[in-house]
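Subject: Structure handover

Hello,

Here is the structure for your files. My notes on it follow below.

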Amino acid sequence: MTASGREALPLAQLLNHAADAVQGVRAGRSLTEALAHCPAIARPGTQAIAFEVLRRLGSAQAARARLVPKLPPPRVDSLLLCALALLWAEDDAAYAGHTLVDQAVAAMHVRASKSAAFVNAVLRRFLRERPAIVAAVDRDPVGRHNHPAWWVERLRQDWPDDWEAILAADNLRPPMTLRVNVRRQSAAEYVQRLAAEGIAAVAPGTATSAVVILEKPCPVGALPGFAAGDVSVQDASAQRAAPLLAAGLAAGARVLDACAAPGGKTAHLLEIADCDLLAIDRDADRLVRVDETLARLGLSATTQAADAADPGAWWDGRPFDAILLDAPCSASGIVRRHPDIRWLRRGSDIEALAQVQAQLLDALWPLLAPGGRLLYCTCSVFRDEGERRIDAFMQRETAATLAASPPSPGHLLPLPDNGAMPSVPGFSTAPDGFFYALIEKRRP
């Protein structure tokens with residue numbers, strides 16, 4: 001959390017809004033949707049608190065179950081959980097314990113005044129017994145890892161050597177990573193521009209990489225050249241897509257971005273390749289964001305609201321030289337950026353999403369020209385949405401083969417040593433979790 005986000009309004013007021021947001025997530029709404037009801041002036045601070053709470057919600061729920069024999073009403077429970085989550089780690093607390101308790105009680109007077117004394121008693125008991133409660137909760141997988149039990153078990157099966165490290169990484173604050181428009185300047189040159197503005201950053205990739213990582217997050221308005229399109233915000237793993245698909249692409253090649261919104265990968269492709277790009281998305285409202293992104297960056301593409309799984313409704317019959325399929329997925333690889341996802345997903349969602357991914361692959365494959373390439377990617381660490389999905393597809397399509405150059409990265413885990421970015425002292429460089437498979441269609 002940033003100091004500016006916390007101090008814009010009294011803590012009690014921010015806690016009240018954060019409790020509303022957390023209550024919304026627990027009722028099945030996304031945090032984005034829940035925050036839309038928060039006053040604009042309170043939104044940054046509320047979001048910062050809500051992020052911290054959702055990263056520790058499993059611990060807070062387990063602690064509340066030990067402290068309170070009967071489940072409180074939702075409005076009371078959501079505030080109580082927020083306070084417990086923020087009080088959890090004594091050495092890494094954003095607020096002093098007594099301050100947090102006083103402000104939580106003040107917030108409860110607004111939410112449900114008759115419960116203020118109850119909340120005060122529960123929180124003060126937690127402070128007195130914190131070491132014992134934390135130790136007890138740590139023995140429960142959900143309380144310890146702050147993920148649903150099904151999620152923990154799926155990761156344990158998929159990544160028996162790395163599952164605990166992945167869960168721990170999910171609970172860390174992610175780095176703010178930028179993508180520099182390398183047609184205008186190199187990443188190293190942009191780092192110098194940032195330094196001139198007093199912003200510490202590093203360009204940890206190769207000489208041709210567009211990746212810049214900030215030492216500390218900052219508002220995009222503070223980034224030199226952002227409004228002019230010199231730089232965008234995009235994780236290093238997400239930046240793997242455009243170079244993979246653009247490798248060997250001839251000038252003027254016909255390219256399809258099949259699930260384009262919000263447009264980061266669309267824009268990156270246009271920044272590094274001279275191509276005729278069609279960007280489609282079934283959500284017309286989200287497609288507006290693609291148009292806005294392209295306009296800011298001074299780029300041009302054809303955009304169309306369409307369902308990629310139904311080419312008969314929009315395809316003109318001309319084959320594509322390259323297709324980017326950034327398929328709908330669980331988003332399990334970006335949960336550190338969207339901590340509500342883990343609490344909104346259900347285990348049954350993965351099978352349903354895998355079916356959608358298979359349908360999209362089957363629908364788009366006939367649109368690819370012989371010799372062309374399809375890049376399949378998901379921001380997921382679950383194997384059912386990555387390698388197992390591609391293995392099954394390639395068994396169905398005998399003309400499909402993994403491209404030899406550049407090689408497919410496969411699963412990229414959200415860990416410092418996954419090979420995507422070298423570590424840099426003083427900087428968090430671990431990228432998001434992704435899966436990539438570059439598939440080539442054999443010529444007859």
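N146 lies in the loop between α9 (141-145) and α10 (149-158); helices (H or I, at least four residues) and strands (E, at least two) are DSSP runs, numbered from the N terminus. The phi angle of N146 is near 60°, a positive value in a residue other than glycine. This is a predicted model, in which local features need pLDDT of at least 70, side-chain atom pairs count only at pLDDT 80 or more, and totals for chains, interfaces and linings use all residues. Residues are numbered from 1 along each chain as its sequence is written, and side-chain values use heavy atoms, with hydrogens and water left out.

N146 also belongs to the second largest pocket: with R55, R56, R144 and N171 it is among the closest to the centre, out of 19 lining residues. (A pocket is an open set of points on a 1 Å grid over the protein atoms alone, where a 1.4 Å probe fits, with protein on both sides within 12 Å along at least five of seven lines; lining residues have an atom within 4 Å of a point.) The volume of this pocket is about 430 Å³, taken as the space filled by probe spheres set on the points. At least two lining residues come from each of α4 (43-55), α8, α9 and α11 (163-170). By class, the lining has six nonpolar, five polar and eight charged residues. Here Ala, Val, Leu, Ile, Met, Phe, Trp, Tyr, Cys and Pro count as nonpolar, Asp, Glu, Lys and Arg as charged, and the others, Gly among them, as polar.

Next, helix packing. The axes of α7 (residues 97-112) and α8 (residues 116-137) come within 8 Å and cross at roughly 160°. Axes are lines fitted to C-alpha atoms, for helices over the stretch in contact, and angles run from 0 to 180 degrees between N-to-C directions. α7 and α8 are therefore roughly antiparallel (an angle over 145 degrees). Their contact (heavy atoms within 4.5 Å) includes V101 and M108 of α7 and L123 and L127 of α8. It has nine nonpolar, three polar and two charged residues.

Helix α6 (residues 74-87) packs with α7 at an angle of about 170°, the axes being 10 Å apart. α6 and α7 are therefore roughly antiparallel as well. This contact has 11 nonpolar, two polar and two charged residues.

Finally, cis peptide bonds. One joins A261 and P262, with omega about 5°; P262 sits in the loop between β5 (253-257) and α14 (264-272). The bond from S405 to P406 is cis, with omega near -5°.

Regards

Methods. Angles under 35 degrees count as roughly parallel, over 145 as roughly antiparallel, 65 to 115 as roughly perpendicular and the rest as oblique.
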